[in-house]
Amino acid sequence: MDDPLMLDANAVAGDLAEMFGFDVSGSVHRCTNCGNQGAVATLLAYVHGPGTVLRCCICHEIVMRWVRTPTRIYLDARGAAYMEMGLS
Amino acid sequence: MPEPLAWQIATVTGVRPESAEVKSFTLALPAWRPHRAGQHYDVRLTAEDGYQAQRSYSIGSPPSQTGEVEVTIERIPDGEVSPYFHDVLRVGDQVEVRGPIGGYFVWEPALGGPLLLVAGGSGVVPLMAMLRERSAAGDDTPTALLYSSRTLDDVIYREEIDALAVAKDGVGAFQTLTRSQPPDWTGYARRIDREMLSEVLASIGPQPLAYICGPTLLVEAAANGLVELGVPPARVRTERFGPTT
């Protein structure tokens with residue numbers, strides 16, 4: 001947990017909003033690997049590679065990852081067993 | 001369902017130096033929306049060949065300042081976006097932004113307290129938005145700010161923070177200078193540690209709602225220190241902004 005490049009998912013909330021249609025940083029996710037449940041913003045974000053990787057803040061397994069091209073976003077969210085978001 | 005975030009063209013209406021490497025930029029927004037203290041805007045620059053660089057910058061102004069936002073930006077020497085803001089952008093220029101963004105690292109008086117704000121360097125920006133919001137709302141939540149800078153010249157919002165310390169409206173301001181201190185310095189002179197956090201906590205009570213923003217390693221140290229001191233992890237919210245420069 002001493003990686004100076006690590007950010008919070010809050011930093012990529014704009015990209016997430018682009019994919020989900022609204023801001024999900026305060027929404028709840030559950031980690032497929034360890035079952036930890038918490039706000040999406042508490043995920044650890046790694047943004048310096050060719051894509052973006054969000055890891056669980058408890059077990060560090062990958063929860064979501066995506067790559068963008070000029071015209072598309074490719075999202076792999078299999079590490080998020082569940083999500084819960086408000087409609088208002 | 002809230003409206004989706006769209007990119008819009010902001011116009012720079014003001015530039016103000018805050019410290020040697022930090023400036024505040026006032027951006028007028030055609031589609032301004034009220035923000036929550038702690039939120040940020042994404043900024044996108046596009047080169048002639050189509051290459052794009054995008055960064056997130058915290059809003060320093062309170063939501064009561066309508067039609068515009070103020071973002072405070074530190075110049076990162078080898079950065080792609082901050083040198084453009086510091087060295088190229090002038091009043092009247094336009095820049096592409098989207099926001100406000102973020103539904104977690106936010107505070108408003110209804111969330112209560114006591115409120116503990118811990119900042120390193122330009123991490124003080126979203127926390128200042130919270131302090132300004134608290135003040136604009138006439139709120140009296142017991143609040144402590146612990147702010148770490150390298151030197152006195154690096155302190156952002158220095159006069160405003162000094163004023164907080166004497167205003168006696170329930171905000172305690174604690175500062176530490178880690179690299180060098182003036183001869184008459186009465187604050188701390190080391191990196192944030194558990195003992196320092198414990199002393200700050202003593203001023204507001206042991207179960208605060210804590211917001212920590214700064215370089216990743218400072219945030220890690222402060223968050224771990226607070227949890228070791230018994231603050232529930234669910235009451236510690238963090239915003240890491242990467243390596244120190």
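Begin at Gly21(A): this residue comes just after helix 1 of chain A and takes a positive phi of about 95°. Please bear in mind throughout that the model is predicted.

**Helix 1 of chain A**

Next, select residues 13-20 of chain A, which form helix 1. Which residues of this helix are buried? They are Ala13(A), Gly14(A), Asp15(A), Leu16(A) and Ala17(A). Now display what covers these buried residues. The cover includes two strands of chain A, namely strand 5 (52-55) and strand 6 (62-68). Chain B also takes part, and its strand 3 (40-46), strand 4 (52-58) and strand 6 (94-101) are included in the cover.

**A sheet in chain A**

Move on to the open sheet of three strands in chain A, where the order is 3-2-8 and the pairing is antiparallel. The edge strands are strand 3 (37-39) and strand 8 (80-84), each of which pairs on one side only. From one strand to the next, the twist averages 25°. Then select strand 2 (residues 28-31) of chain A, which is joined to strand 3 of chain A by three bridges. To find a bridge, select Val28(A); the partner in strand 3 is Ala39(A).

**Pro4(A)**

Finally, select Pro4(A), in the segment before strand 1 (7-8) of chain A. This residue is partly exposed, with a relative accessible area of 31%. Which residues does Pro4(A) touch, not counting those up to four places away in sequence? The contacts are Thr216(B), Leu217(B), Gly242(B) and Pro243(B).

Notes
Residues numbered from 1 in each chain as written. Chains lettered and ligands numbered in written order. Predicted model: local features only at pLDDT ≥ 70, side-chain atom pairs only at ≥ 80, totals over all residues. Heavy atoms only, no water. Buried < 20%, exposed > 50% of the residue type's maximum accessible area, 1.4 Å probe, protein only. Helix = DSSP H or I, 4+ residues; strand = E, 2+ residues; numbered from the N terminus. Contact = heavy atoms within 4.5 Å. Pairing = 2+ DSSP bridges. Axes fitted to C-alpha atoms, helices over the stretch in contact; angles between N-to-C directions.
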